Amino acid sequence: MFSSREEGRGPAAPSGLVSVVRLPQSWFILCASRELGRKPLARTLQGTPLVLFRDEAGKPAALVDRCPHRNVPLSLGKVVGGQLQCGYHGWRFDAGGQCRAIPGLMGEPGAKSRCAASHATREQDGFVWVYSTPGVEPTSEPYRFPLLDAHGYSTVRRLLRAKGSLHSLLENTLDVPHTSFLHGGLFRTEKKKNEIEVVVRRGADRVEAEYIGEPRPEGLAARLLAPGGGVVQHFDRFLLPSIAQVEYRLGDDSHVIITSAMTPADDWDTVVYAVVTFRMPLPHWLVKPFITPVALHIFGQDARILERQTETIRRFGSETFASTEVDVLGPPILRLLRQAEREKVSTSAEVQETRLKMQV
């Protein structure tokens with residue numbers, strides 16, 4: 001049995017499963033802004049049930065989804081005057097979790113034991129972000145998605161979900177070698193025709209791989225990006241706590257940034273908020289209808305393999321990692337996640353760089 005952590009942190013992560021992390025002091029997306037209306041919204045973050053609602057000013061609030069009175073989910077209640085009212089006995093809580101009303105009570109309602117644990121929130125770029133550590137003032141701000149309002153760019157957003165750990169999904173999103181096999185014909189083929197250079201840059205809170213000298217791949221997605229061919233500028237990036245970003249550029253006309261903000265609902269269930277921002281030589285109204293089905297097909301292939309991977313890990317009760325130098329981002333991502341879990345992220349501005357060759 002796993003022991004419980006303090007209120008608001010959920011059960012302890014299983015110690016034998018090496019890629020499972022629980023990240024304190026971190027921002028995660030819990031919903032799109034349009035999803036949070038007049039009714040409470042139940043969500044789960046790192047195994048902890050939370051409830052989102054809007055206060056009287058329309059700002060989002062997040063509380064642990066448990067009434068301190070009799071343990072009923074607060075998400076079963078309703079919002080009254082910008083306060084969340086429990087559906088069992090009518091206790092009301094403000095955005096900070098302070099109990100503001102107890103029907104029938106003649107005295108003051110606001111004793112500390114009657115308060116609900118609260119999490120800081122931010123609303124930006126069309127998303128509601130929640131800070132993973134309850135009851136504290138955030139030490140950072142959420143990630144800003146790039147180029148959302150840039151001239152000449154269009155954006156497509158999608159909500160995705162997969163049965164896998166946060167680390168597994170981050171590595172999968174930024175892993176080049178699997179694309180020739182799992183997504184053969186969409187990105188690359190099994191035939192290794194080109195030798196390219198890879199520059200890996202590691203910083204205190206991020207790691208980036210730059211792929212130099214790759215001709216435009218022959219797959220469908222690559223032809224859509226660059227119908228005229230050429231050499232692709234390709235970057236894969238991880239930024240703490242949970243941002244995976246893939247960037248392709250070909251000349252001045254074709255530029256695509258796929259940013260995936262990942263939210264671990266629990267140890268083996270990860271929600272992906274994907275934002276694709278692009279500029280292409282084709283009319284955007286013509287490109288948009290093709291981007292979504294191709295991207296969903298690719299993600300479906302990834303989700304199926306990740307689910308089988310997760311089933312195997314849980315069946316054996318542990319993970320094995322036999323990495324090579326072409327697994328350029330998975331190991332450093334895991335190191336950064338582990339440091340963040342221990343709250344040992346470096347403040348150094350130094351960037352370490354290594355170079356290697358790869359066939360694609």
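Which strands does helix α1 lie across? I started there, keeping in mind that this is a predicted model. I found α1, residues 166–173, lying across β12, β15 (231–239), β16 (243–250), β17 (254–266) and β18. Against β17, the helix runs at about 170°.

Next I looked up the sheet. I get an open sheet of 8 strands with antiparallel pairing, in the order β12-β18-β17-β16-β15-β14-β13-β19. The edge strands are β12 (154–162) and β19 (352–359), and each of them pairs on one side only.

Then I checked how β19 is held in the pairing. Its antiparallel partner β13, residues 195–202, makes 8 bridges with β19. Here I spotted Arg-201 standing opposite Glu-353 in β19.

Another helix turned up: α4, residues 330–341, lies across β13, β14 (206–215) and β15. I put its direction at about 165° to β14.

On to the core. The largest nonpolar core has 49 residues, and Leu-52, Phe-238, Val-328 and Leu-337 have the most contacts inside it. I followed Phe-238: beyond its neighbours within four places in sequence, its contacts include Leu-170, Leu-174, Ile-243, Ile-333 and Leu-337, and also Asp-205 and Arg-206. I also noted a second, separate core of 15 residues, with Trp-27, Ile-29, Ala-32 and Trp-129 among them.

Last stop, a loop. Leu-282 is in the one between β18 (269–279) and α3 (284–316). I log Leu-282 as partly exposed because its relative accessibility is 33%. Its C-alpha atom is 9.1 Å from that of Ser-254, 28 residues away along the chain.

Technical notes. Residues numbered from 1 in each chain as written. Predicted model: local features only at pLDDT ≥ 70, side-chain atom pairs only at ≥ 80, totals over all residues. Heavy atoms only, no water. Core = buried A, V, L, I, M, F, W, Y, C linked by side-chain atoms within 4.5 Å. Buried < 20%, exposed > 50% of the residue type's maximum accessible area, 1.4 Å probe, protein only. Contact = heavy atoms within 4.5 Å. Helix = DSSP H or I, 4+ residues; strand = E, 2+ residues; numbered from the N terminus. Pairing = 2+ DSSP bridges. Axes fitted to C-alpha atoms, helices over the stretch in contact; angles between N-to-C directions.
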